[in-house]
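The following paragraphs lead through a protein model, from its overall composition to individual side chains. Please keep the sequence and the structure in view while reading.

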Amino acid sequence: MNSRRKKRLVLASALVGGVAAVASLLLYALNSNLNLFYTPSEIINGKVDTGVKPEIGDRIRIGGMVTEGTVVRDPKSLDVSFAVHDANGGQVTVTYDDLLPDLFREGQGVVAQGVLVAPGKLQATEVLAKHDENYMPPEVAAAMGKNHQKMEYTAEQMASGGSK
């Protein structure tokens, strides 16, 4: 092999190796910042199709309905804990130490993002509540088995701006 071919081979090998290194670093970075969506049943029993369960310390998002009678507020701080359930009977306790959204209440759909600190317990960094009586995040609606239907307004409601 002459020196010209040898140089091209070394250059091509270095280029392929560099691209592989950049791709692997990129995938590693994306994997460490990935927040997977789970329902309470999937946290307890694992995903239906794969059986994968989140591990302690994983950053995840959980969606479901706030269980009635489970909201407990600390009167001396912003700490609050509540349970989130789904249609399959799973229930996970969520703790949060910040202001809850104005629309947060028992029996409503929520999505909480945070770190799984124990089996069935999530320390939330963010809690999102639905914005009206008919909206539910698509992931939560699919998990709860409810059908989304577009809200229909009468001509009278449209003329008055939707207010009663």
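This is a predicted model: local features need pLDDT of at least 70, side-chain atom pairs count only at pLDDT 80 or more; totals for chains, interfaces and linings use all residues.

Of the 164 residues in the protein chain, 29% count as buried. The protein chain exposes about 11,200 Å², of which carbon and sulfur atoms supply 56%. Among the contacts in the protein chain with a separation of 6 or more, 53% are accounted for by residues 24 or more positions apart.

The secondary structure of the protein chain consists of four helices and seven strands. Along the sequence, these elements follow the pattern α-β-α-β-β-β-β-β-β-α-α.

Methionine 1 belongs to the segment before helix 1. Its relative accessible area is 73%, and methionine 1 is therefore exposed, the cut-off being over 50%. When residues up to four places away in sequence are not counted, methionine 1 touches Lys6 and Leu9. Helix 1 itself covers residues 3-32, and leucine 30 lies within it. Leucine 30 has 53% relative accessibility, so this residue too counts as exposed. Together with Leu26 and Leu27, Leu30 makes a nonpolar surface patch of about 330 Å².

Because its relative accessibility is 8%, serine 41 counts as buried. Which residues does serine 41 touch, not counting those up to four places away in sequence? They are Gly46, Asp86, Asn88, Gly89 and Gly90. For one of these, asparagine 88, the separation from serine 41 is 47 residues in sequence, whereas the C-alpha atoms of the two are 6.3 Å apart in space.

Charged side chains come next. Side chains of opposite charge can pair when their charged atoms come close. The count for this model comes to one salt bridge. In that salt bridge, the side chain of lysine 47 meets that of glutamate 42, with an N to O distance of 3.5 Å. Are the two partners buried or partly exposed? Glutamate 42 has a relative accessibility of 17% and therefore counts as buried. Lysine 47, by contrast, counts as partly exposed because its relative accessibility is 23%; the limit that places the two residues in separate classes is 20%.

A pair of aromatic rings is described by the distance of the centres and the angle of the planes. A search of the whole structure finds one aromatic pair.

A final position lies further along the chain. Glutamine 113 is found in strand 6, which covers residues 109-118. Is glutamine 113 buried or exposed? With 17% relative accessibility, glutamine 113 counts as buried, because the value falls under 20%. Valine 94 is 19 residues from glutamine 113 along the chain, and the C-alpha atoms of the two residues are separated by 9.6 Å.

Definitions and conventions
Residues are numbered from 1 along each chain as its sequence is written. Side-chain values use heavy atoms; hydrogens and water are left out. Rings of Phe, Tyr and Trp (its six-membered ring) pair if their centres lie within 6.5 Å; planes under 30 degrees apart count as stacked, over 60 as edge-to-face and the rest as tilted. Helices (H or I, at least four residues) and strands (E, at least two) are DSSP runs, numbered from the N terminus. Buried means under 20% relative accessible area, exposed over 50%, partly exposed in between (1.4 Å probe, protein chains only). Patches are made of residues with over 30% relative accessible area and no salt bridge: like charges are joined within 9 Å, nonpolar side chains (Val, Leu, Ile, Met, Phe, Trp, Tyr) within 5 Å. Accessible areas come from the Shrake-Rupley method with a 1.4 Å probe; for residues, only the protein chains shown count as cover. A salt bridge is a side-chain nitrogen of Lys or Arg within 4 Å of a carboxyl oxygen of Asp or Glu. Contact means heavy atoms within 4.5 Å.
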